[in-house]
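Dear colleague,

I am passing a structure on to you, together with some notes on what was found in it. Please read the notes beside the sequence and the model.

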Amino acid sequence: MILQALNDLYERLADDATAQISAPGFAPMGISAVVVLTPDGQLFGNRLDDHRTMVPPRSGKGAAKAFPTDEDAPTVGKRTSSPKPIFLCDKTDYVLGRNLADEAEKPNAKEKLAHRFELFRDLHQSMRTEVNHPHFDAVCAFLNAWKPERGDEISNLAEFSGANLCFQIQGTVGFVHSLPECRKAWAGHILATPDEEDGQEVASGVCLITGAEAPIASVHPAIKGVIDPGGQAEKGIVSFNKPSFCSFGKEQSLNAPISLRGAFQYVTALNWLLAQGKHSVRIGDATTVFWTEKPTAAESLFADFLQGNEIADEASEATQDQALATRLRLFMEILRQGGGAELTKLEDDPQTKFFILGLSPNASRLSVRFWHVATLGQMVDKLKAHYDALSLKRSSDKDPEFPAVWQILDQTAPRRQGKVDREKIPPLLSGPLMRSILTGSRYPQGLFNAVLNRIRADHEITFLRAAIFKAFLIRNHQLDIPMSLDTTRTEPAYLLGRLFAALEKTQEDALPGINATIRDRFYSAASATPGTVFPRLLRTYQHWLSKLEGGYRVNRERAVQQIMSGLNDMPGHLQLEGQGLFAIGYYHQRQDFFTKKDKPETAQA
């Protein structure tokens, strides 16, 4: 199902010129230089034409550096120990039979390089009748006449030794490999010719994706963009590397027979999603990609909200593309109010299929964390439910209305020198969190526990931490928790959180400029074992209260009495969920103090 959906996506993108997705047999390749030929196949000049891109340093200081320019070029997939030439675009090892670094360091390098050039030349000679174009004939004429030792005639060979080259005919625009005749011939060649690995020809079979009889890929192209902690970025999603995983004597990917075309198309589609910032979210060790069965406006907006890229105000909107700004504004209205049924405002069909694939690295292959198929309307409803569960009265305009996943995970990690140490985020938490958001399932217990531990360590109850507790208790424990202070709630944990906030505010008012409040000294104990802490705090509270003047003292005493009137007894301890409710009560009461300023009242005689 996963590979079929990706294959369908490729066919959708292939019909969309704006997607710029590679055709079968082609993939992005970094080209450093161009071999410019005359129409009769002679080398034009005595140097290679530089095709690199100059990139300035990020700091803005220093000289720009040259990097290969990505071009949609022919490919042969993975190269193994056996040499394998690439059509019209390859390293100098194959195109010219030269690599100065290898020649200087490796024995018998010249013989190996000469063999690679011969393979490159023979490949092109074998396809001459298939292409039938004068520009390709010029390339073949050049290769027939070229001798690797002539590389010394190229003045800048050392600069590009080992780099990727392609061909261009003097006086023309575009490269030879971009000609429609060349592209068609190579696509037909690579998809119709069974591959060979270590001299063993891959047999034909029934493709599990298309159901057609075709040559089967023994090794699938690499998936790029899901990076493991070791930095390895090229992996596979279909792989068998142990005898216990195989059957009927089949090896490698032949246990899951996918045709050359099917393997190319699903991998190319997945790589396209991973390369597009609008279709993937990478949080921690998990990467999530999503797409719809047909183009939609909402499809490209999911990543913006999951990553926190929303329009904050009119000033930021003015700097963006107005069409995108309009879509973002409409999408925010949908998330605030109607949900998926109102996607027609974006001219989207709520019944459009929506696909979600969660991936994470695992050794040399990828693990599928989750796979979910729903309608676009259902997915918007899930996203809206997530944000509704998190909705809380914000302490300032800096608090996000639509918190990003990384902002949520940041609440589980300590800070060092004012910055979040993201290496301390609990491993394997990002995947379950993303799955719970996109499927509407329970939030991971590990998220609640990690945030609670951070509060115990740093005694900070921020907007996002209280919002996480609220969302967790609503979804996992079916509690009805409002956005702001609810004076009618009678749960002891909530009342105790409110009471702790009232006592702390009394201390702050009585002792202005105090270095450490009761939150710094007693919060952890008060939220876990209130029966042992609050009696002591209440005795000290009387001392703080006596330092307040007039109406302030009356108001504070009235607030504390109102809270305590709902407490029939003082519980000895609170369970973990109760500690979360304690934090919410504390946050609600603190925000109420700062939004409803205490006004002095005239004390009655």
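A cavity, as the word is used here, is a set of points on a 1 Å grid over the protein atoms alone where a 1.4 Å probe fits but cannot get out, whereas a pocket is an open set with protein on both sides within 12 Å along at least five of seven lines; for either one, lining residues have an atom within 4 Å of a point. Grid points are joined across faces, edges and corners, and a volume is the space filled by probe spheres set on the points.

Please keep in mind that this is a predicted model, in which local features need pLDDT of at least 70 and side-chain atom pairs count only at pLDDT 80 or more, while totals for chains, interfaces and linings use all residues. Residues are numbered from 1 along each chain as its sequence is written, and side-chain values use heavy atoms, with hydrogens and water left out.

A search of the whole structure finds 1 cavity of 30 Å³ or more, and about 40 Å³ of space lies in the largest cavity. Its lining is made up of H386, L390, I408, L433, Y443, L447, I468, A471 and F472. Helices here are DSSP runs of H or I with at least four residues, and strands are runs of E with at least two, numbered from the N terminus. In these terms, α13 (376-390) and α17 each supply at least two residues of that lining, and the largest share, 3 residues, comes from α17. By class, the lining of the largest cavity has 8 nonpolar residues, 1 polar and no charged, where Ala, Val, Leu, Ile, Met, Phe, Trp, Tyr, Cys and Pro count as nonpolar, Asp, Glu, Lys and Arg as charged, and the others, Gly among them, as polar.

The second largest pocket has a volume of about 460 Å³ and is lined by 22 residues, of which D399, Q411, R415, T462 and L464 lie nearest its centre. Two or more residues of this lining come from each of α14 (405-410), α16 (445-458) and α17 (463-477). The lining of the second largest pocket divides into 9 nonpolar, 5 polar and 8 charged residues.

Turning to helix packing, α18 (residues 492-510) and α20 (residues 530-546) pack at an angle of about 35 degrees, with their axes 10 Å apart; the axes are lines fitted to C-alpha atoms over the stretch in contact, and angles run from 0 to 180 degrees between N-to-C directions. Contact means heavy atoms within 4.5 Å, and the residues that make it include L496, L499 and F500 of α18 and F534, L537 and W544 of α20. By class, this contact has 12 nonpolar, 2 polar and no charged residues.

Some single residues also deserve a look. Buried means under 20% relative accessible area, exposed over 50%, and partly exposed in between, with a 1.4 Å probe and protein chains only. E299, in the loop between β16 (286-292) and α10 (302-306), counts as buried because its relative accessible area is 4%. Among the residues that E299 touches, not counting those up to four places away in sequence, are R12, K278 and H279.

L88 has a positive phi of about 65 degrees although it is not a glycine, and L428 likewise has a positive phi of about 65 degrees without being a glycine. L88 is buried, at 0% relative accessibility, whereas L428 is exposed, with a relative accessible area of 55%.

With best wishes
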